[in-house]
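This report examines one residue and its surroundings, and then turns to the chain as a whole. The structure is shown below.

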Amino acid sequence: MVTIHQPCYIPYMGVFHKIWKADAFVYLDDAQYSNGYVFDWNRIKTPQGECRLKVPLEKKFGQSLMEVKPKDFLGWQLKHLKTIEMNYKKAPYFDTFFPAFEMAIVPGFTNLAELNISVMSMLMEWFDIKKPIYFSHVWNLESRSEARVIEITHLVSADAYLSGTGGRNYQDETHFTEAGIKLQYQQWEPMPYHQQWGEFRPYMSVIDFAMNEGHDIGSHFRRMEEIINGG
């Protein structure tokens with residue numbers, strides 16, 4: 001079973017649940033950049049509530065994630081690191097997580113896809129999520145939307161595709177069945193874990209979990225699935 005996702009900046013836990021659940025993962029690194037998606041920003045928790053960390057970009061309409069470039073000359077990495085340190089320095093895993101994250105965002109990436117893949121790779125290593133990884137740009141695909149998903153699934157020799165729930169808006173299960181692919185939708189709901197600063201806030205960047213709970217995201221996902229399935 002394969003899953004596919006665009007490389008995003010410090011994504012929320014649902015993205016890593018898909019990767020953890022699947023047998024192989026494909027970075028859709030040649031996807032088109034959109035202002036309306038979390039390609040270049042995400043949320044962390046602070047005493048005042050949510051705080052957005054946003055990467056400033058050099059971009060033009062219609063560019064892909066491999067063409068959009070971070071504006072490193074603005075020193076955004078230092079600003080993000082200072083904000084994270086200020087809000088997580090008392091978290092149980094700060095001393096080990098923070099240096100690894102700092103190395104993942106050092107200046108010098110030629111495009112946003114490279115930056116986000118560096119961050120997501122560091123997070124997968126932190127959570128010990130190991131499986132075959134592929135990059136969509138190497139195939140130079142001309143297909144789009146559902147057809148691209150089916151084509152990628154065949155290219156990695158998978159017979160099942162794990163989709164996020166948003167895929168219901170454009171995917172027809174019949175088309176997957178006809179292509180010899182089992183279409184499965186992710187079952188994920190935010191489940192509380194230890195956080196700082198008051199009541200639990202869902203949908204934070206996964207670094208919030210890493211700082212407060214450490215490496216074992218698998219146990220958290222298994223408990224979540226048991227609850228969803230009535231266990």
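## Contacts of isoleucine 105

Apart from its neighbours within four places in sequence, isoleucine 105 touches Tyr9, Trp76, Gln77, Leu81, Leu115 and Val119, a contact being heavy atoms within 4.5 Å. The model is a predicted one, in which local features need pLDDT of at least 70, side-chain atom pairs count only at pLDDT 80 or more, and totals for chains, interfaces and linings use all residues. Residues are numbered from 1 along each chain as its sequence is written, and side-chain values use heavy atoms, with hydrogens and water left out.

## Position and burial

Isoleucine 105 lies in the loop that links helix H3 (94-104) to helix H4 (112-126). Its relative accessible area is 0%, so isoleucine 105 is classed as buried (under 20% relative accessible area, 1.4 Å probe, protein chains only). Between the C-alpha atoms of isoleucine 105 and asparagine 116, which are eleven residues apart along the chain, the separation is 8.6 Å.

## The chain as a whole

The chain contains eight helices and nine strands; these are DSSP runs, with helices (H or I) of at least four residues and strands (E) of at least two, numbered from the N terminus. Of the 231 residues in the chain, 50% are buried.

The C-alpha trace spans about 55 × 50 × 25 Å along its principal axes. Among contacts between residues at least 6 apart in sequence, 67% join residues at least 24 apart.
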